[in-house]
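Please examine the protein shown here before reading the briefing that follows. The points below are grouped by topic.

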Amino acid sequence: MSIMDRRQLLGFAPAALVLAAADVPAQWVPVPTLRRVIPRGGESLPVIGMGTWLTFDVGPDLAEQARRRQVLQRFFAAGGGMIDSSPMYGRAQWLLGELLPSIPHEGKLFAATKVWTPFDRFGPIQIEQALDLWHLTRFDALLVHNLLNWRTHLKTLRQWQEQGRVRYIGVSTSHGRQHDEVVQLIHSERLDVLQITYNFADVRAEPVMNLASERGLAVVINRPFDGGDLFRAVRRQQLPGWASEIACANWAQFFLKWVVSHPAVTCAIPATQQPAHMDENMGAGVGPLPDSEVRRRMQSFLAQL
């Protein structure tokens, strides 16, 4: 950490007290967090957000709930913003609604969820239920999950947007599927957000991401760790020494900095159930990002392992 002058240190002191009370590691005294602009709205988001697929599908186990609470505490303490969920993710939305009121996050949360049903009439019901589960009156972003019944649900999302109940609308896809249909949607529909899969092991989305960015959409990246497979691929491997030049202290930061350094990307949403892993993830939002030459070097290094 660079040496701070006395004024900076005093400015951080109140936040440091909050972190201590929240059982957050001392290294997460606030530092500048990288942000990207949402093209349609002009506001900015921290480049590292948080997903909840699998990791927040937790029931009445109090110990597991307490661990997710620590994950959320560390996320916000490190400057996090976007939290993404879906009715597809089991009890994730319920757990978020249970935990968020007890965690300081005023002015930080960017709440994003999805509609996911083949039935026309269940779309509005599902979104209303999501608001109730999150204990919110408005979402920041609503997406049609995996394009399921998008023709009907996009109409509903537009109505909600006109009513001021959601700020941004869009679509999501995952696992490298449905790219052709996404391209058609970008050309034919006015969307604000595209969520799509992109990581070292799956770069097929790049043309779609570029098109989305050119058309003024925010691009949110899911599965930046390829469902955890990237960590398995580098097991027992050391980071290259030059990774320190882009402030990478671990593989999570190596993977995430490569993703969010793509010029089309607004935010990535890695998911974790481990507080320590959240610390690692959020570290990717600090310090320099790789330029195009370093990105190629990173790809080449992993390809040789």
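**Briefing on the predicted model**

Leu54 sits in the loop between strand S3 (50-51) and helix H2 (62-77); helices (H or I, at least four residues) and strands (E, at least two) are DSSP runs, numbered from the N terminus. Residues are numbered from 1 along each chain as its sequence is written. This is a predicted model, in which local features need pLDDT of at least 70, side-chain atom pairs count only at pLDDT 80 or more, and totals for chains, interfaces and linings use all residues, while side-chain values use heavy atoms, with hydrogens and water left out.

**Confidence**

- The average pLDDT (the predictor's confidence in each residue, from 0 to 100) over the chain is 91, and 90% of the residues score at least 70.
- Residues 1-22 have a pLDDT below 50, and this stretch has 14 contacts in the model beyond near neighbours in sequence; contact means heavy atoms within 4.5 Å.

**Surface**

- Leu54 counts as exposed because its relative accessible area is 60%; buried means under 20%, exposed over 50%, and partly exposed in between (1.4 Å probe, protein chains only).
- Together with Trp53, Met88 and Trp116, Leu54 forms a nonpolar patch on the surface, with about 390 Å² of accessible area in total.
- Accessible areas come from the Shrake-Rupley method with a 1.4 Å probe, and for residues only the protein chains shown count as cover.

**Nonpolar cores**

- A nonpolar core is a set of buried Ala, Val, Leu, Ile, Met, Phe, Trp, Tyr and Cys residues joined through side-chain atoms within 4.5 Å.
- The largest one has 75 residues, and Leu72, Ile83 and Phe254 have the most contacts inside it.
- Helix H9 (residues 251-260) supplies the largest share of this core, 8 residues.
- Another core, of 13 residues, lies apart from it and includes Leu45, Ala112, Ala141 and Cys267.

- Trp150 belongs to helix H5 (residues 150-162) and counts as buried because its relative accessibility is 11%.
- Not counting residues up to four places away in sequence, Trp150 touches Val144, Glu181, Leu185 and Glu189.
- Thr266, in the loop between H9 and strand S10 (267-268), is buried because its relative accessible area is 3%.

Note on methods:
Patches are made of residues with over 30% relative accessible area and no salt bridge: like charges are joined within 9 Å, nonpolar side chains (Val, Leu, Ile, Met, Phe, Trp, Tyr) within 5 Å. A salt bridge is a side-chain nitrogen of Lys or Arg within 4 Å of a carboxyl oxygen of Asp or Glu.
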